[in-house]
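These are my notebook entries on one protein chain. I record below what I looked up, entry by entry.

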Amino acid sequence: MDNVVVTVGKDVGKSCSSTSVVVDDCVEMIDENDYLGDAFKDGPQKFFLSDEWGSYLSHAGQKFESIADFRDKLRKFAIQSGFHYVLSRTDSIYVNAVCANRDVDHCGWEVLGSVASINQCFYITRFNNVHTCRGMIRNRSHRQLGSKIVRTCIESTVCLNLGLNPREIMGNFKSTYGYEISYKVASRAKIMCVEKMYGSECDFFSMLSWFREAVLETNLGSSVVFEVDESTERFKRVFVAYAGQIQGFKFSLPVLYVDGAFRKSKYKGQILATTGRNGNKCFFHLALCFCDSETEENWLFFFKNLKALLEPQGRIITFISDRGVGLWKAFDLIFPGCRYGIMANGIAESFNNWIVVERSLPPFAMLDQTRMKEMKMMSERSVESKSWTTKLTPKMEKRLKEQLDRSRVFRVIDSHENVYEVRNDKYSYLVDISTRICSCVKWQINCFSCAHALAVIQDARLDVYDFIDLYFTAEYYRMCYSFPIAPLSNVDASCSSTEDFILPPVTKRPAGRPKSKRIASAGEKKLTRCSCCNKMGHHNKKSCTEPLNMLL
């Protein structure tokens, strides 16, 4: 083993001394990271999915499945290698690419290939992979990294999650592939993924004819009404209600929340939806309609088809709405004499928020994705309810226990048959258990026993469950979801959709920036106090209309 003598010079004032140190040349060099803090150490090298792009082109004679496959891999090879190229020749058979710096630096990099007539595969015939130009540097972005390349990278992710927005796509692409892309590229790449799944947006309206036939064939008892303008062959509106939801609604509360929501895709439009409520205080969707706008004519179409579903059930339905455009007149024409509530439309808004991602998709994609989402939800709720051991649904069982705890403070005084007075330290209430009426009105409003009624029922030694509506029982909840939505097979969708071509509706882009949030109705606007008249309302001091003599 050889030794190396190292002379180290050391200055002390003006004197100088030297020392010799013997060092073994086989000792491993010390890594500087051993002496640095965590913030200064070099982190482990991260590997990206784009690392393999650099090996896509290797030699002359290399085979590719098609000319499109070669073009895609050529772009990725250039992006990962850090150079740009131009196509000196490109057609359906030949592709000849050269370095973009060929004219300036006389770079010799070149690739030439053609399609073989025997198997229609693409082969590289000449490949010079040596760059003689200046600066092959891989940057964080690349001008040839467009939406087509990004689409091939994110296609599987978008298919599993259509709710990905462009910002999320940009972040995921940076962390997965190591490159930065613009918002426009990410947005366009997502649109291309959806178009590959369902076709071009203009063709979506023709697919609705196939969708109607497929639903009626696989889901017997469903209602799908599709209208087209005969003179122009343009789409007008479509009404969809699945058989499983129609049958399941018989076991949900006799309440329907009606509301409209705007769509956010290219051809805009409105979604008119009606949603019920199950015994576990969750929404139960019944039907929806896609149309061009929220008008009286479209509401008439919607309520007419809705009435055809509800009449055979023979139940008295309470309607709740937010007084949408054209809704009142259409409702009075289809359901004369019926009453419906105003506001408190949270269930309908919950459904609109539940399909917020689907509302940005084209018509056929929206209906198909909504159908799959509802089908999955009904299956999950059906499986979940089978494990319940209580007589009521979990939320209503919890509410019953809370009301029973509150009823312990009341004193019950008999009046006559089934009529009682319930008192506490301050107030008294009248309860009639035969008609299920309490003077606090909560029993009548909620259709669920209030604390005063439960105090009377327990005092009379009766079963509290006998005075609770059947819609809140676990048995009725299971019946709601015992009618599944059958799946659809789109194997024959492409051939049948071409028989009847339907044009999209004529739409005009509205002025201003597109709105992404719902518009609150008149009753939802918050009241403010005017500093001039001191009254609550929707005005301020500047717009106050009170006479001045009234303000003195």
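**Entry 1: two helices**

I looked up helix H3 (residues 147–160) and helix H4 (residues 166–177), whose axes come within 11 Å and cross at roughly 90°. The axes are lines fitted to C-alpha atoms, for helices over the stretch in contact, and angles run from 0 to 180 degrees between N-to-C directions. H3 is therefore roughly perpendicular to H4, a term that covers angles of 65 to 115 degrees. I noted that Val 150, Cys 153 and Ile 154 of H3 make the contact with Ile 169, Phe 173 and Tyr 177 of H4; contact means heavy atoms within 4.5 Å. By class, this contact has six nonpolar, no polar and no charged residues. Nonpolar covers Ala, Val, Leu, Ile, Met, Phe, Trp, Tyr, Cys and Pro; charged covers Asp, Glu, Lys and Arg; the others, Gly among them, are polar.

**Entry 2: basis of the model**

I must note that this is a predicted model, in which local features need pLDDT of at least 70 and side-chain atom pairs count only at pLDDT 80 or more, while totals for chains, interfaces and linings use all residues. Residues are numbered from 1 along each chain as its sequence is written, and side-chain values use heavy atoms, with hydrogens and water left out.

**Entry 3: the chain**

I found 17 helices and 20 strands in the chain; these are DSSP runs, helices (H or I) of at least four residues and strands (E) of at least two, numbered from the N terminus. Of the 552 residues in the chain, 42% are buried, that is, under 20% relative accessible area with a 1.4 Å probe, protein chains only.

**Entry 4: Phe 127**

I located Phe 127 in strand E7 (residues 122–128). Phe 127 is buried because its relative accessible area is 16%. Phe 127 and Val 111 are 16 residues apart in sequence, yet 4.4 Å apart in space, C-alpha to C-alpha. Leaving out residues up to four places away in sequence, I listed the residues that Phe 127 touches, including Leu 57, Phe 77 and Trp 109.

**Entry 5: the cavity**

I searched for cavities, meaning sets of points on a 1 Å grid where a 1.4 Å probe fits but cannot get out. The count comes to one cavity of 30 Å³ or more. The largest cavity holds about 40 Å³ of space. Its lining residues, which have an atom within 4 Å of a point, include Val 240, His 285 and Glu 374. H11 gives the most to this lining, with four residues. The lining divides into four nonpolar, two polar and two charged residues.

Key:
Parallel < 35°, antiparallel > 145°, perpendicular 65-115°, else oblique. 1 Å grid on protein atoms, 1.4 Å probe; cavity = no way out; pocket = protein on both sides within 12 Å on 5 of 7 lines; lining within 4 Å. Points joined across faces, edges and corners; volume = space filled by probe spheres on them. Buried < 20%, exposed > 50% of the residue type's maximum accessible area, 1.4 Å probe, protein only.
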